[in-house]
Amino acid sequence: EEPIHHEEEALIFAKNHGYPIIIKAAAGGGGRGMRIVRRPEELAAALASARAEAQAAFGDPTIYLEKFVERAKHIEIQVLGDKHGHVIYLGERECSIQRRNQKVIEEAPSPLLDEKTRKRMGEQAVALAKAVGYDSAGTVEFVAGQDKSFFFLEMNTRLQVEHPVTELVTGIDLVEQMIRVAAGEKLSLKQSDVKLNGWAVESRIYAEDPQRGFLPATGTLRHLRTPRENAHVRIDSGVREGGEIGIHYDPMLAKLIVWDSARSAALRRLRAALDAFQVVGVTTNIDFLAAVAAHPAAEQAGDPHYRPPAPGRVLRGLLDHPRSVRNQRRPPRQGFVRHDRSQVNDAPIPSAFHQRHKSAAHQKRAGEVGPQHPIPFLRRKFGHRFSNVNPGVVHQDIEAADALPDALRQSADLG
């Protein structure tokens with residue numbers, strides 16, 4: 001839509017599309033400059049406050065309007081293109097579990113979509129990428145209704161924080177593909193090669209205090225133990241024990257990603273892995289995440305008949321959950337309880353994990369091949385572990401990123 005400059009334009013839009021509508025800032029995101037309007041008498045005040053917040057946050061008061069979708073799902077399509085006009089989609093991710101419009105837990109595939117809707121959304125995402133001549137990895141985001149209708153939101157022309165869940169259900173290393181595309185190679189994959197296997201869920205471990213309005217936390221990581229990585233658990237992190245968590249970087253400490261053959265099993269693995277974290281010295285959201293993963297709204301996300309409580313009641317219930325308030329009772333051992341491993345069953349291992357657990361001899365042979373195998377080559381030459389962590393939020397990766405050639409750093413969104 002065109003930017004809205006006057007209240008009369010907004011009233012016409014609302015009349016044509018019906019209430020509720022949503023006001024959004026044209027220059028930014030993350031929920032800032034966003035207002036939901038359900039009645040005409042709310043419109044003028046909402047427009048004024050949205051413009052003021054957008055100006056303060058982004059230096060641009062421009063706003064636009066969209067139809068607001070009730071009980072909407074945030075669904076994004078991962079696309080991958082080369083410099084020769086080939087573009088494919090690698091299924092979807094659902095990122096509907098959010099706090100203040102910031103993603104908290106992401107998963108692939110979406111419990112909402114069926115194969116027909118997935119194909120329609122994927123084909124539209126590919127058409128958009130081709131229309132602008134896009135190459136490399138990118139994400140086309142949609143908002144979807146319970147009736148599986150969907151509407152375009154935006155395209156992120158970079159690697160997303162939540163990309164590991166796509167890697168685990170497709171077995172495709174997105175960072176490697178980005179580097180190969182940047183080097184001018186053609187995609188070695190066809191759309192028919194993309195198969196979704198199992199279910200992957202990611203949670204973002206933040207240094208923040210849920211009991212104090214999710215304020216960012218600072219301090220020294222005096223003790224840090226993460227779950228053991230294996231065929232079903234992956235940790236992407238750039239912090240280490242003894243490190244300082246300061247005010248100058250995003251408070252994300254790590255990403256915890258789990259995989260299993262079905263969604264219910266993946267959620268069980270997520271809860272077990274969260275329980276295995278030990279963090280001392282910095283307050284985190286680990287127990288809050290465990291409470292979210294155990295909430296009926298998360299467990300029944302695929303049930304169209306489930307009606308979750310109002311968001312305010314959900315948040316209050318999560319903050320009052322024993323796992324969320326445990327930090328106040330046991331500060332020295334935040335985020336750590338024993339868990340019953342018998343709840344978690346073994347399942348077939350996706351190919352993405354096989355790539356991460358090759359033998360030392362195999363890795364040595366691959367590293368000697370050279371630039372035609374860019375990931376092993378870069379690891380050997382620059383000493384940089386391509387852990388697929390978003391370097392924008394992991395400050396320990398900055399020095400390693402500076403060692404990379406400019407073309408590769410830009411391609412992998414490391415600059």
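Good morning, colleagues. The structure is a predicted model, in which local features need pLDDT of at least 70 and side-chain atom pairs count only at pLDDT 80 or more, while totals for chains, interfaces and linings use all residues. Residues are numbered from 1 along each chain as its sequence is written, and side-chain values use heavy atoms, with hydrogens and water left out.

Let me begin with the whole chain. The protein chain holds 15 helices and 17 strands; these are DSSP runs numbered from the N terminus, with helices being H or I of at least four residues and strands E of at least two. Of its 415 residues, 50% count as buried, where buried means under 20% relative accessible area, exposed over 50%, and partly exposed in between, using a 1.4 Å probe and protein chains only. Among contacts with a separation of 6 or more, 67% come from residues 24 or more positions apart; a contact means heavy atoms within 4.5 Å.

I turn now to the strands. Strands of a sheet pair through backbone hydrogen bonds, either parallel or antiparallel. Here, two strands pair if DSSP finds at least two bridges between them. An open sheet of eight strands has antiparallel pairing and the order 8-7-4-5-6-9-16-14. Strand 8 (150–156) and strand 14 (233–237) stand at the edges with a single partner strand each, so one side of each lacks a neighbour in the sheet. From one strand to the next, the twist averages 25°. Within this sheet, strand 6 (residues 102–108) and strand 9 (residues 199–206) are antiparallel and share four bridges; Ala-108 has Ala-200 in strand 9 as its bridge partner.

Next comes strand 1, residues 21–25, where five of five residues are buried. Which residues cover its two faces? Ile-21, Ile-23 and Ala-25 lie on one side and Ile-22 and Lys-24 on the other, and all are buried. Strand 1 runs antiparallel to strand 2 (residues 35–37), with three bridges, and Ile-23 has Arg-35 as its bridge partner there. Strand 1 is also antiparallel to strand 3 (residues 63–67), with five bridges, and Ile-21 stands opposite Lys-67.

Let us move to helix 5, residues 174–182. Seven of its nine residues are buried, including Leu-174, Met-178 and Arg-180. At its start, a side-chain oxygen of Asp-173 reaches to within 3.1 Å of the backbone nitrogen of Val-175. Gly-184, with a positive phi near 95°, follows helix 5. Gly-171 and Leu-196 are 25 residues apart in sequence, and their C-alpha atoms are 8.5 Å apart in space.

Finally, I consider a pair of helices. Helix 6 (residues 263–276) and helix 7 (residues 286–293) pack at about 160° with axes 9 Å apart; axes are lines fitted to C-alpha atoms, for helices over the stretch in contact, and angles run from 0 to 180 degrees between N-to-C directions. That angle makes helix 6 roughly antiparallel to helix 7; angles under 35 degrees count as roughly parallel, over 145 as roughly antiparallel, 65 to 115 as roughly perpendicular and the rest as oblique. In this pair, Leu-267, Leu-270, Arg-271 and Leu-274 of helix 6 meet Ile-286, Leu-289, Ala-290 and Ala-293 of helix 7.

Thank you for your attention.

Definitions and conventions: A polar contact is a pair of N or O atoms within 3.5 Å; within protein, one must be able to donate a hydrogen and the other to accept it, and residues adjacent in sequence count only if both atoms are side-chain atoms.
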